Amino acid sequence: ALVLALEAFVARDEHARGGGTLFLELALQSAPALLAAYGAVALLHALELDLAKLLGKGSAFAQSLRGTLVGLPMPICSCGVIPLYRNLVLQGVPTRAALSFLVAAPELGITALFLSASLLGFEITLLRAGAAATLALIVGLTVGANAPVAEPVQKHAAPGAKAPFATRLAGGLRYGLGD
């Protein structure tokens, strides 16, 4: 009903293309992609991924690739990724993986990916994602080769009992649609 009311409002001002009308058109076009992205964020939050285990060990290229692939879909802003990067390094995550994650996470989150696909098309979105992944991979390989290796301060805690998935999903939906 709300979408129909907004469409009627936009159609009423068809000839007068003011800023409000263009804003409503953009909001109507991007709303489904944003709702899908927030649902995906909720699911990621509910899964409670252990980033330190995902980034793990391996060759230099594998470390950088894992850091890039784990970081790209994460819905983390540039100010929020720095403390997370620091914690990953302190947990003993390889430097290359942590650096690739540091660059990839704020470049292109899952919400930006969905919104870009909706507004720019899939071809441009794939180019954008490819450029972000390439940059994160290059930074991980080149800067990571020269960065000092930090000594881990924290060890992985033994896995405790997890809440039921339905409870975690409800918390994820509160996070994805609220925060």
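**View 1. The largest nonpolar core of the predicted model has 13 residues.** A nonpolar core is a set of buried Ala, Val, Leu, Ile, Met, Phe, Trp, Tyr and Cys residues joined through side-chain atoms within 4.5 Å. Buried means under 20% relative accessible area, with a 1.4 Å probe and protein chains only. L55, I76, V93 and F101 have the most contacts inside this core. Two or more residues come from each of the elements α3 (51-55), α5 (78-90) and α6 (95-107), and α6 gives the most, with four residues. This is a predicted model, in which local features need pLDDT of at least 70, side-chain atom pairs count only at pLDDT 80 or more, and totals for chains, interfaces and linings use all residues. Residues are numbered from 1 along each chain as its sequence is written, and side-chain values use heavy atoms, with hydrogens and water left out.

**View 2. Another core, of seven residues, lies apart from the largest one.** Its residues include V103, A104, L108 and A129.

**View 3. Helix α7 spans residues 110-120.** Its buried residues are I110, S116 and A117. They line one face of the helix, because seen down the axis of α7 they fall within an arc of 125°; the arc is that of the directions from the helix axis to the C-beta atoms. After α7 comes G121, with a positive phi near 95°.

**View 4. The whole protein contains nine helices and zero strands.** Helices (H or I, at least four residues) and strands (E, at least two) are DSSP runs, numbered from the N terminus. Of the 179 residues in the protein, 31% are buried.

How values were computed:
Buried means under 20% relative accessible area, exposed over 50%, partly exposed in between (1.4 Å probe, protein chains only).
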